[in-house]
Amino acid sequence: MAFHWNAIFYFAFLFKLALMPRMKIKEKKRTYILAFGIVSAISVMLIGAIDQLGYVFSGPYIVKGGVLVIEQARPNSTVFIDNKNLTTTDQDGVAIIKGIAIGSHDVLVSHEDAWPWTLPFTSYRDTTTTLIPIQVARESQGTTLSAENTPEELQYAQSSFTAYTEPSSSNPMERDNTSVWVEGTDVYVRTIDEKTRVVLASLHPIRNIFWYPERTDAIVIASNNNVFALDIRQGDIQNFHPIYYGHSPEAVQNEQDTKSIFVGDNGKYFAVAIW
């Protein structure tokens with residue numbers, strides 16, 4: 001009987017010894033899993049903190065990323081960078097996006113009541129880039145000018161058309177070191193920091209061309225049966241914003257109202273809202 005219990009104790013001892021490596025392995029696995037979970041949680045929090053502070057990864061380094069500021073946009077406009085919906089503009093038409101990776105990007109500003117606008121830009125380390133989009137109304141609202149209802153505005157519009165002269169290379173229209181003129185059916189632009197380039201090669205004669213109200217980076221053109229705004233900033237995609245479609249319209253700037261232009265078409269005159 002003594003031998004029996006001794007044998008049992010002996011085999012129990014051997015069984016325990018056999019299980020000990022496995023138990024240690026399981027304990028090690030649990031330790032590794034716990035350590036991995038802690039490291040992962042810390043990494044996620046660290047990356048979140050880095051992103052919130054506006055830092056980005058640049059190769060093996062963590063650097064202060066670029067900042068993009070959108071100003072003078074329509075309130076509640078959606079801002080995309082590289083096709084990612086990142087934010088909307090506030091009630092003042094401003095959006096600030098921090099922590100943009102260093103390099104080239106595309107920004108797009110969209111609003112349900114305006115034609116979309118896009119432009120490439122370059123993000124630099126710890127540098128703020130400010131862009132002002134052009135947002136022309138999708139459905140332009142116009143007021144017909146008549147001698148009976150709006151005699152003074154009609155007279156002013158007619159005198160504006162009479163005073164219009166086409167800008168040429170020798171007499172361009174100029175604003176803030178930017179020059180624009182027409183040669184044949186082509187529209188040229190030259191700024192202080194770039195060479196002369198063609199921004200529009202039209203198949204039809206240019207009837208009118210003038211500055212988009214209160215802007216130095218956009219113009220309004222009347223050609224064929226269209227009046228449209230054109231962003232003259234250089235980019236892969238040219239922003240073309242229709243304003244008016246008719247028979248053979250002419251257009252001039254309304255110096256009395258920065259949110260509208262004058263359009264003459266088929267013997268009638270209109271004040272057309274562009275915002």
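A word on the ground rules. Residues are numbered from 1 along each chain as its sequence is written. Because this is a prediction, local features need pLDDT of at least 70 and side-chain atom pairs count only at pLDDT 80 or more, while totals for chains, interfaces and linings use all residues; side-chain values use heavy atoms, with hydrogens and water left out.

Start with the overall picture. The chain has 2 helices and 21 strands (DSSP runs numbered from the N terminus: H or I of at least four residues for helices, E of at least two for strands). Out of 275 residues, 38% count as buried; buried is under 20% relative accessible area, exposed is over 50%, and partly exposed is in between, with a 1.4 Å probe and protein chains only. The accessible surface comes to about 17000 Å², and carbon and sulfur atoms own 55% of that (Shrake-Rupley method, 1.4 Å probe; for residues, only the protein chains shown count as cover). Take the contacts (heavy atoms within 4.5 Å) with a separation of 6 or more: 47% of them come from residues 24 or more positions apart.

Now look inside. The largest nonpolar core holds 31 residues, and Ile70, Val107, Ile243 and Ile261 have the most contacts inside it. Apart from that core lies another, of 15 residues, including Met173, Val187, Phe228 and Ile232. A core here is a set of buried Ala, Val, Leu, Ile, Met, Phe, Trp, Tyr and Cys residues joined through side-chain atoms within 4.5 Å. Zoom in on Ile243 and, setting aside residues up to four places away in sequence, you'll find it touching Val136, Ser140, Val220, Val227, Phe228, Ala229, Ile261, Val272 and Ile274.

Next stop, helix 2, residues 151-163.

Finally, the charges. Side chains of opposite charge can pair when their charged atoms come close. The structure holds 3 salt bridges, each a side-chain nitrogen of Lys or Arg within 4 Å of a carboxyl oxygen of Asp or Glu. Arg215 meets Asp217 at 3.0 Å, N to O; Arg215 is buried at 11%, and Asp217 is buried at 13%. Arg233 also bridges to Asp217, with the closest N and O atoms 3.3 Å apart. Arg233 lies in the loop between strands 17 (226-231) and 18 (240-245) and Asp217 in the loop between strands 15 (206-211) and 16 (218-223), so this pair ties together parts 16 residues apart in sequence. Arg233 pairs with Asp231 as well, at 2.9 Å, N to O, and Asp231 is buried at 1%. Shared partners join Arg215, Asp217, Asp231 and Arg233 into one network.

Key:
Expected span 1.5 Å × (residues − 1).
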